[in-house]
Amino acid sequence: MHRSEKLALSSLFRTKSETLPWHDRIVLSYERAKAIAALYKLTVDDVVNVSAKYWEFHMDPIQMLDFAAATLLTVHYNLCIGTIAMFPAGNQQVLQRLLSFELSGQFCLSELGHGLDALQIETTATLLDTGELELETPSDAAAKFMPPTTPCGIPCVAVVFARLIVDRMDRGIRPFLVPIHDGRTMYRGIVSRVLSPREGSHPVQHTLTYFHKVRLPGTALLGDMTTSLDVKSAFSHNIFRTVVGTLSMGAFALSSMRIASYVAGQYSRRRTVIHPSTGKPEAIIAFSTQKLAVFTGIAQSIVMTAFCNKAYSMFTSTEDPRQKLFIAAVLKTTIVQHCSSLLSVLSDRCGAQGLFAANQISVMHADIRGAAIAEGDVLGISIRFTFELIRGRVSPPAYLNPDHILAKHEKSVLAELRGIVGGRSEHHRGQEIESIILPRCQGLMEGLGHRLAVDAAIEAQVDPRIIDLYVASVIKHDSSWYTEHTNLSGSTQRQMERSSVEALYPELESLLGKLDITNYAIAPIVSDEQWTGYVNTLPMFTHSPFLDVQSRL
Ligand SMILES: Cc1cc2nc3c(=O)[nH]c(=O)nc-3n(C[C@H](O)[C@H](O)[C@H](O)COP(=O)(O)OP(=O)(O)OC[C@H]3O[C@@H](n4cnc5c(N)ncnc54)[C@H](O)[C@@H]3O)c2cc1C
């Protein structure tokens, strides 16, 4: 049972947003964001401490009913409120107005020319003789990229990252609190250009934002003017909230997996075809291809629930920011990969119905592609932590089941990569690493995540049959390793998967129930009742009683 169950059933969330004009969809997403915010009433403490309520807010499947609203909310609370709260002096009033959603909050870090290399951003904030600051976008490449900064009915402030320039000296990248618009009109010197839509996903009005001689009070600087000796660490500290964002993206992916597995599972139970040998109708779930997709979805969702909860507890029980990001990165990389490939397969297994926005899966798939890049691009964070693992700057979390086949796989792959790096001379290292190690980074992080997920599932006493199917589904990611290093031939691996699915098959209905997602599966294809209700809302064209075909000829 989720806190938002009633809200999910309300007309605000049952409105078919995909049928609305673009502008109305944008407005609706803000309304939905405000309704979720009002339900949770998060405090600054919840945000700063990543409280259990804050985590519940991100795990709540209502977020996936409108991922544009979820995007607004997570940026608003995590990136905007969370960063301002790191420097609370003088900003209490703004924080209160943000908490009540009287103000909407944005976060402008990425620039068009500087995404993963955010340390190279060009925007400047120059200290003037008057004590004021002047914010400037010095080139087209320095346009802030992605955050929706156009007027949306609610006044907006943003945390904007820029180089602090004092006496012509660059004092490093700092966050500044910048009023962007009053809900209807942009503030002087700020230009927002709406990018053309990302197709398929819930629409967020992504923009390019430019600052031209924007005057700010000196107090707009979050933090002080002192020059940091360690530019990189100071930058990492100031963008710490993106680390929390990396973790939260995992929660969003989990809700998508649960909803998609339920929708495809229910469709597969309802949809029948005439069996060629019996001549009788048979539900398509009986086909092994259908079963495999649906049960893999169920097993991965249940195991990932255990992993998400474990990752949250590991994240909140360490004070070390590097360790926090490492845990968040492993979770995000692993779950986003599961989610992305699962949703693609489940959408296909619903045939033409899988392509329609009303049936949720294809839209969530497009939404998750965005989440994979935002707040820690999965490849970028995988590369970073693979090297940290190789160099021993971070260690894999404790092995709860060290003899498990997934633990053996993880240790072996890490040892292999360490051997490759260690065995190269300095001279050759750069090129070789580029070509050998980089393509392996995401796989290593996912392998580590699979092992941690199984450890978490065993600890949470998940049904061993579910864990068996999960293991069979992830072995496929590096099938040749298991053939080379264990007694699992290719056919044995396929047999493991088949028998795990068959062991669970009689319990399909109860397993779909265990996903605990019924009120969030708004897809018409989940039941006859929902389908009929949907058809009754479709635009209808029919003949006029006063016009027959003959009279037109
Ligand atoms: C839905 C969404 C919402 C967003 N919201 C915000 C927001 O609110 N505020 C904000 O500031 N930003 C936001 N962003 C921007 C986001 O932070 C950037 O997209 C992200 O940092 C990646 O930058 P980029 O898109 O410019 O990719 P690029 O930097 O161009 O990278 C593209 C690809 O190049 C390769 N690559 C780049 N560098 C390396 C490397 N060192 N090694 C190997 N390969 C490399 C990788 O394959 C990478 O995926 C959002 C993005 C999305 C998708």
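**Exercise 1. How many helices and strands does the secondary structure of the chain come to?**

Solution. The model is predicted, so local features need pLDDT of at least 70 and side-chain atom pairs count only at pLDDT 80 or more, while totals for chains, interfaces and linings use all residues. Residues are numbered from 1 along each chain as its sequence is written.

Step 1. Take helices as DSSP runs of H or I with at least four residues and strands as runs of E with at least two, numbered from the N terminus. The chain then has 21 helices and eleven strands.

Step 2. The radius of gyration, taken over C-alpha atoms, is compared with the globule rule, 2.2 Å times the number of residues to the power 0.38. The chain has 25 Å, close to the 24 Å that the rule gives for 553 residues, so it is as compact as a globular protein of that length.

Step 3. The C-alpha trace spans about 90 × 80 × 45 Å along its principal axes.

**Exercise 2. Place T242 in the fold.**

Solution. Step 1. T242 belongs to helix α9 (residues 241–270).

Step 1. T242 counts as buried because it has 21 C-beta neighbours inside 10 Å.

Step 2. A contact requires C-beta atoms, placed from the backbone, within 7 Å. Apart from neighbours within four places in sequence, T242 is in contact with L79, E375 and G376.

Step 3. From T242 to A283 the separation is 41 residues in sequence and 45 Å in space, C-alpha to C-alpha.

**Exercise 3. Which elements each supply at least two residues of the shell around the ligand?**

Solution. Step 1. They are β1 (104–108), β4 (144–146), α12 (361–373) and α13 (378–390).

Step 1. Of the 16 residues around the ligand, L109, S110, G115, M146 and G370 come nearest; to be near, a residue needs its C-beta atom, placed from the backbone, within 6 Å of the molecule.

Note on methods
Buried ≥ 20, exposed ≤ 12 C-beta atoms within 10 Å, placed from the backbone. Contact = placed C-beta atoms within 7 Å.
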